[in-house]
Amino acid sequence: MTRTHYKWFARWLATTQVSEHRINELCDYFVEDNRKFNRDLFMFVYNKNKSEYDEYNRQLQDRLRA
């Protein structure tokens, strides 16, 4: 897989309820698949998208409560 695929996975995982443990297991698999896989970059993209997704959900909940 390529960097684009890994970024897609990170963005997708940010919108799910997958545990950190499972994400780390997935990263282990990615390292086996591609020795150039960058776990730090993957987690950066995941955390960035997770915070954006969580903020979007908070705003949506606030609008629904109003």
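**Note on a predicted three-helix model**1. Asn49 is in contact (heavy atoms within 4.5 Å) with Arg11 and Ala14, when residues up to four places away in sequence are not counted. Asn49 has its place in helix H3, where helices are DSSP runs of H or I with at least four residues, numbered from the N terminus. Asn49 counts as buried because its relative accessibility is 17%, the classes being buried under 20% relative accessible area, exposed over 50% and partly exposed in between, with a 1.4 Å probe and protein chains only.

1. Residues are numbered from 1 along each chain as its sequence is written, and side-chain values use heavy atoms, with hydrogens and water left out.

2. The largest nonpolar core, which has 12 residues, includes Tyr6, Ala10, Leu13, Ala14, Ile23 and Cys27, and also Phe30, Phe37, Phe42, Met43, Val45 and Tyr46; such a core is a set of buried Ala, Val, Leu, Ile, Met, Phe, Trp, Tyr and Cys residues joined through side-chain atoms within 4.5 Å. Two or more residues of this core are given by each of H1, H2 and helix H3 (39-65), and the largest share, 4 residues, comes from H3. Ile23, one of the core residues, touches Leu13, Val18, Phe42, Met43 and Tyr46, again not counting residues up to four places away in sequence.

3. H1 and H2 pack with their axes 12 Å apart and at an angle of about 175°, the axes being lines fitted to C-alpha atoms over the stretch in contact, and angles running from 0 to 180 degrees between N-to-C directions. H1 is therefore roughly antiparallel to H2, a description used for angles over 145 degrees. In this packing, Tyr6, Phe9 and Leu13 of H1 meet Ile23, Leu26, Phe30 and Asp33 of H2, and the residues of the contact divide into 6 nonpolar, no polar and 1 charged.

4. Thr15 is found in the loop between helix H1 (3-13) and helix H2 (20-33), and Thr15 is partly exposed because its relative accessible area is 38%. The side chain of Thr15 reaches the backbone oxygen of Trp12 at 2.7 Å. Although Thr15 and Tyr53 are 38 residues apart in sequence, their C-alpha atoms are 6.5 Å apart in space.

5. Asn34 has its place in the loop between H2 and H3, and its side chain reaches the backbone nitrogen of Lys36 at 2.9 Å. Leaving aside neighbours within four places in sequence, Asn34 is in contact with Met1 and Tyr6. The C-alpha atoms of Asn34 and Gln59, 25 residues apart along the chain, are separated by 38 Å.

6. Gln61 lies in helix H3 and is partly exposed because its relative accessible area is 41%. Between the C-alpha atoms of Gln61 and Phe44, which are 17 residues apart along the chain, the separation is 26 Å.

Terms used: Predicted model: local features only at pLDDT ≥ 70, side-chain atom pairs only at ≥ 80, totals over all residues. Polar contact = N/O pair within 3.5 Å; in protein donor to acceptor, adjacent residues only side chain to side chain. Parallel < 35°, antiparallel > 145°, perpendicular 65-115°, else oblique. Nonpolar A, V, L, I, M, F, W, Y, C, P; charged D, E, K, R; others polar.
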